[in-house]
Amino acid sequence: MDLSHRKTILRKINTGLYIVTGMSGTGPACAVISFLTQTSINPPLITMALRTDSRIYQAAKESRVLG
């Protein structure tokens with residue numbers, strides 16, 4: 001993905017609620033996230049708040065992939 005296209009996509013992150021999904025060893029996990037922000041364009045990074053005692057946190061920690 002070229003940088004200008006990536007910037008356009010990352011700038012479209014609005015405030016609101018986001019549904020985040022992931023997969024852990026115990027199966028699928030999902031959460032509604034209310035804090036999400038762009039952290040960096042290069043590399044493309046976002047930051048979200050997750051409770052460390054949640055299934056979605058465990059899924060992110062195990063698989064390192066969220067959708």
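Predicted model: local features only at pLDDT ≥ 70, side-chain atom pairs only at ≥ 80, totals over all residues.
Residues are numbered from 1 along each chain as its sequence is written, and side-chain values use heavy atoms, with hydrogens and water left out.

The protein chain has two helices and four strands. Here helices (H or I, at least four residues) and strands (E, at least two) are DSSP runs, numbered from the N terminus. Read from the N terminus, the elements follow the order α-β-β-β-β-α. The C-alpha trace spans about 40 × 25 × 15 Å along its principal axes.

Of the 67 residues of the protein chain, 22% count as buried. Buried means under 20% relative accessible area, exposed means over 50%, and partly exposed lies in between (1.4 Å probe, protein chains only). The accessible surface of the protein chain is about 5000 Å², and 58% of this surface belongs to carbon and sulfur atoms. Such areas come from the Shrake-Rupley method with a 1.4 Å probe; for residues, only the protein chains shown count as cover. A contact means heavy atoms within 4.5 Å. Among contacts between residues at least 6 apart in sequence, 46% join residues at least 24 apart.

Strands β1 and β2 (residues 27-33) pair in the antiparallel sense over seven bridges; two strands pair if DSSP finds at least two bridges between them. A hairpin of two residues joins β1 to β2. Within this pairing, V20 stands opposite A31 in β2.

T21 lies in β1, which covers residues 18-24. T21 counts as partly exposed because its relative accessibility is 38%. Leaving aside neighbours within four places in sequence, T21 is in contact with A29, C30, I56, L66 and G67. T39 is 18 residues from T21 along the chain, and their C-alpha atoms are separated by 20 Å.

L17 sits in the loop between α1 (3-11) and β1. With a relative accessible area of 64%, L17 is exposed. Together with I19 and V32, L17 makes a nonpolar surface patch of about 360 Å². Patches are made of residues with over 30% relative accessible area and no salt bridge, like charges being joined within 9 Å and nonpolar side chains (Val, Leu, Ile, Met, Phe, Trp, Tyr) within 5 Å. A salt bridge is a side-chain nitrogen of Lys or Arg within 4 Å of a carboxyl oxygen of Asp or Glu.
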